[in-house]
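Please examine the chain displayed below together with the report that accompanies it.

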Amino acid sequence: MVAAVEATIWGLVSGGALVIGAAIGYFVRVPGKVVAGVMAFGSGVLISALSFELMEEAFQEAGMTATAAGFLLGAVIYVGANRLLDIWGAKHRKRSGDQQPGEADQSGSGLAIAVGALIDGIPESIAIGLSILHGGAVSIATVAAIFLSNLPEGLSSSAGMRRAGRPAAYVFGVWTAIAVACGLASLAGYAVFDAFSPFVVAATTAVAAGGMLAMIVDTMIPEAVEAAHDWARRFVVLGFLVSFALTKLAG
């Protein structure tokens, strides 16, 4: 029971970063290049975390074949779901500029954006719960990486929602609900898979990692490169290095 509560709390902590970022993006006029730079940094952080934490854990428990299969499956599932959401109006949900459609531009786009933001956060949160099953305690490096990446996600997306004319009630309703869903997903990652073998847990971790990488490439990198250009590469590298250092220090 204690571990289940811990999983929920850490999921809420990481998801809460979305709300913090959303508040900054909605109420503060942050320059587009700054938003993009932070998004690039968050991308590097997540890439490092899924490389040195999630994939390494999966490989150690399940071996190369299961890890590779799970990783590819996670990417395929995410890409398929994301393509459907693109059609419904959520393609630019993490853009801070004028790319996001308003409800008047595309009916149903508000719901699609909310669902898209939800599926972006679920793999990360499940990974937090699974990390407790792997080591008996949460991976601080994983939580820190997800927290650091969620801040710019919320910031960029809410800035775009504001520009699309979406009211504050909608923006903060969406991000608060997603933060709660992150806590529940983290709990599910622990509670549901507690009865499964280490092999299944490891393979599921690889699925989460695949979904996370696909999310980074589909929704975070485009915002970073479009606005920050050459600086995006520098911030991705910096984010990767910071997350790598966190992994080693926490270990």
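## Model and confidence

This is a predicted model, in which local features need pLDDT of at least 70, side-chain atom pairs count only at pLDDT 80 or more, and totals for chains, interfaces and linings use all residues. Residues are numbered from 1 along each chain as its sequence is written, and side-chain values use heavy atoms, with hydrogens and water left out.

The pLDDT is the predictor's confidence in each residue, from 0 to 100. For the protein chain the mean pLDDT is 82, and 87% of the residues reach 70 or more. Among the elements of the chain, helix 5 has the highest mean pLDDT (89), whereas helix 3 has the lowest (75).

## Fold

The protein chain has seven helices and zero strands, and its pattern along the sequence reads α-α-α-α-α-α-α. Helices (H or I, at least four residues) and strands (E, at least two) are DSSP runs, numbered from the N terminus.

Of the 251 residues of the chain, 51% count as buried. Buried means under 20% relative accessible area, exposed over 50%, and partly exposed in between (1.4 Å probe, protein chains only).

## Largest pocket

The largest pocket holds about 210 Å³ of space. On a 1 Å grid over the protein atoms alone, a pocket is an open set of points where a 1.4 Å probe fits, with protein on both sides within 12 Å along at least five of seven lines; lining residues have an atom within 4 Å of a point. Grid points are joined across faces, edges and corners, and a volume is the space filled by probe spheres set on the points.

Helix 2 (32-90), helix 3 (109-135) and helix 6 (198-228) each supply at least two residues of this lining. Among the lining residues are Tyr 78, Pro 123, Thr 204 and Gly 211. The lining divides into nine nonpolar, three polar and no charged residues, where Ala, Val, Leu, Ile, Met, Phe, Trp, Tyr, Cys and Pro count as nonpolar, Asp, Glu, Lys and Arg as charged, and the others, Gly among them, as polar.

## Aromatic and charge–ring contacts

The structure holds seven aromatic pairs. Rings of Phe, Tyr and Trp (its six-membered ring) pair if their centres lie within 6.5 Å; planes under 30 degrees apart count as stacked, over 60 as edge-to-face and the rest as tilted. The pair of Tyr 26 and Phe 172 is edge-to-face, because the ring centres are 5.7 Å apart and the planes stand at 70°. Tyr 26 lies in helix 1 (residues 2-27) and Phe 172 in helix 5 (residues 168-191), so this pair ties together parts that are 146 residues apart in sequence. Phe 27 and Phe 172 have ring centres 5.5 Å apart and planes at 15°, so they are stacked.

Two arginines lie over ring faces: Arg 166 over Tyr 170, at 5.3 Å from the ring centre, and Arg 234 over Trp 231, at 4.7 Å. A charge sits over a ring if NZ of Lys or CZ of Arg is within 6 Å of the ring centre and within 35 degrees of the ring normal.

## Selected residues

Ser 197 lies in the loop between helix 5 and helix 6 and is partly exposed at 34% relative accessibility. Its C-alpha atom is separated by 9.9 Å from that of Glu 61, 136 residues apart along the chain.

Leu 118, in helix 3, is partly exposed, with a relative accessible area of 30%. Leu 118 and Val 174 are 8.8 Å apart, C-alpha to C-alpha, and 56 residues apart in sequence.
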